[in-house]
Amino acid sequence: MKPLNPRVANIQPSATLAINEAVKARWARGESVFHLGFGESRFPVHPQLAQALADAAREKSYLPGAGLLSLREAVADYYEQHLGLPFKAEQVMIGPGSKLLLYALQMTLGAPLYLPAPSWVSYGPQAALLGLPVRYVAGRVEDDYALDLEALDAALAADQAPTKLLIVNSPGNPTGRMLEKAAVARLAELARRHNLILASDEIYFRLSGRAQEHVSPAAHFPDGTFVFGGLSKHLSLGGWRLGVMLAPDTPFAVSCLEAMTVIASETWSCVASPVQHAACAAYANSPELESYISDCAQIHEWRTVCLYEQLRALGVRSTQPMGAFYLTVNFDHWRAPLAARGVTTSVELANHLLDAHQLATLPCADFGLAPEVLSLRLASSFLDMEDDQAAQRLLSLYQTGCFRETFLSAEHHPQMHGCIAAFRRFVDSLT
């Protein structure tokens with residue numbers, strides 16, 4: 001048997017997709033599992049968008065590699081309105097999910113990749129597939145894993161590569177944290193000084209919490225920031241596979257867009273025509289869609305903050321969620337009793353919780369942290385929304401105007417309460 005390309009052979013499937021498949025297999029066998037492992041916004045497709053897709057069903061021709069012009073215009077207007085930054089259609093590229101656009105940018109730049117640790121599971125493996133070095137800048141548990149700008153500054157100063165790339169994600173996966181204005185301003189200063197390109201993954205920006213304002217790095221570093229987004233999170237359309245990239249308005253960015261369009265022409269050709277035509281409605285800023293997005297964002301915030309508050313009450317250290325539907329929990333202060341059970345890494349901890357307590361989580365070793373750091377990522381998005389009917393029920397309940405306490409009660413969130421009870425049993429067993 002001929003050997004495979006080692007760049008591919010040495011990389012495992014995406015941890016997020018793998019845990020989702022594993023949980024669904026257990027459900028199919030009739031097992032009870034609390035699904036905290038996969039982040040997918042579960043709300044029903046808005047009727048406007050369902051109708052737009054139905055109306056576009058006969059659109060069958062190939063579209064330009066950079067995307068349908070009318071959609072690129074709509075995306076530019078949308079981001080200009082919501083971020084308060086000027087964009088033109090010529091700065092926009094449409095791809096089959098922001099994930100592949102990020103990959104194409106890495107391919108285009110061919111630069112060393114810098115990542116905060118923890119950060120999303122696919123950034124690093126994408127660089128590895130391209131044979132590019134990955135350099136993690138580890139955050140500290142006590143700082144809620146905020147990007148360590150001093151460590152980043154030192155690492156960049158020691159790097160002689162002509163161009164470097166940093167991917168930041170706010171609101172962030174896996175911590176649920178957001179970049180603050182002061183940190184973004186300092187990051188922009190570092191980027192200018194070290195010839196650092198920023199890829200700002202803002203896929204969750206419409207799911208920012210009420211307590212924290214979303215700040216795009218493009219506001220402070222417009223000449224060097226590529227902004228990424230898509231439909232998957234705020235509109236629950238992950239399977240539509242439509243992502244967007246907004247490039248800087250510079251000659252260098254124009255050359256990047258041209259190169260990425262070449263990559264598109266030789267790989268995915270274009271995003272499915274019906275989806276692109278339907279997506280024009282998604283970026284039209286209609287009052288009905290804006291109300292739907294606001295409702296979904298508030299529900300995500302209520303549920304994730306509830307999970308955070310309950311875990312903190314159990315003594316579990318957790319990042320404070322500011323957006324999206326994630327938080328990162330840490331069990332280092334129970335290292336001794338866990339070691340007595342043979343649990344010394346986050347992978348072993350995640351396996352133990354799944355096997356012994358029916359809690360599906362993801363180890364933060366998959367997110368770039370050292371294996372011995374006993375941190376896990378939790379996602380609130382699947383709990384009590386395991387199927388479309390359950391998700392519709394909770395959205396309808398929220399839209400009756402019920403109070404937060406009623407909405408989050410055991411009557412309406414039995415899985416959430418069952419999950420907390422399972423964590424309580426686990427924590428009690430450690431003390």
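Which residues in helix 11 meet helix 14? I looked this up first. Tyr292, Asp295, Gln298, Ile299, Trp302 and Arg303 in helix 11 meet Leu394, Leu395 and Tyr398 in helix 14. Contact here means heavy atoms within 4.5 Å. By class, I find six nonpolar, one polar and two charged residues in this contact. Ala, Val, Leu, Ile, Met, Phe, Trp, Tyr, Cys and Pro count as nonpolar, Asp, Glu, Lys and Arg as charged, and the others, Gly among them, as polar.

Notes on the source. I am working on a predicted model, where local features need pLDDT of at least 70, side-chain atom pairs count only at pLDDT 80 or more, and totals for chains, interfaces and linings use all residues. Residues are numbered from 1 along each chain as its sequence is written, and side-chain values use heavy atoms, with hydrogens and water left out.

Helix 11 with helix 14. I read an angle of about 100° between helix 11 and helix 14 (residues 388-398), with the axes 11 Å apart. Axes are lines fitted to C-alpha atoms, for helices over the stretch in contact, and angles run from 0 to 180 degrees between N-to-C directions. The two helices are therefore roughly perpendicular. The cut-offs: under 35 degrees is roughly parallel, over 145 roughly antiparallel, 65 to 115 roughly perpendicular, the rest oblique. Helices (H or I, at least four residues) and strands (E, at least two) are DSSP runs, numbered from the N terminus.

Helix 11 with helix 16. Helix 11 (residues 287-313) packs against helix 16 (residues 414-430) at about 25°, axes 10 Å apart. This pair is therefore roughly parallel. From helix 11, Arg303, Cys306, Leu307, Gln310 and Leu311 make the contact; from helix 16, Met416, Cys419, Ile420 and Phe423 do. I note seven nonpolar, one polar and one charged residues there.

Helix 16 itself. I checked which residues are buried (under 20% relative accessible area, against over 50% for exposed and partly exposed in between; 1.4 Å probe, protein chains only). Among them are Met416, Cys419, Ile420 and Phe423. The cover over the buried residues of helix 16 includes helix 11, helix 13 (346-357) and strand 13 (375-379).

Two single residues. Ser318 lies in strand 9 (residues 317-318). It is buried because its relative accessibility is 4%. Beyond four places in sequence, Ser318 touches Asp144, Tyr308, Arg312, Leu327, Thr328 and Val329. Val373 sits in the loop between strand 12 (362-363) and strand 13. At 19%, Val373 also counts as buried. I list its contacts beyond four places: Tyr145, Asn330, Asp332, Arg335 and Ser346.
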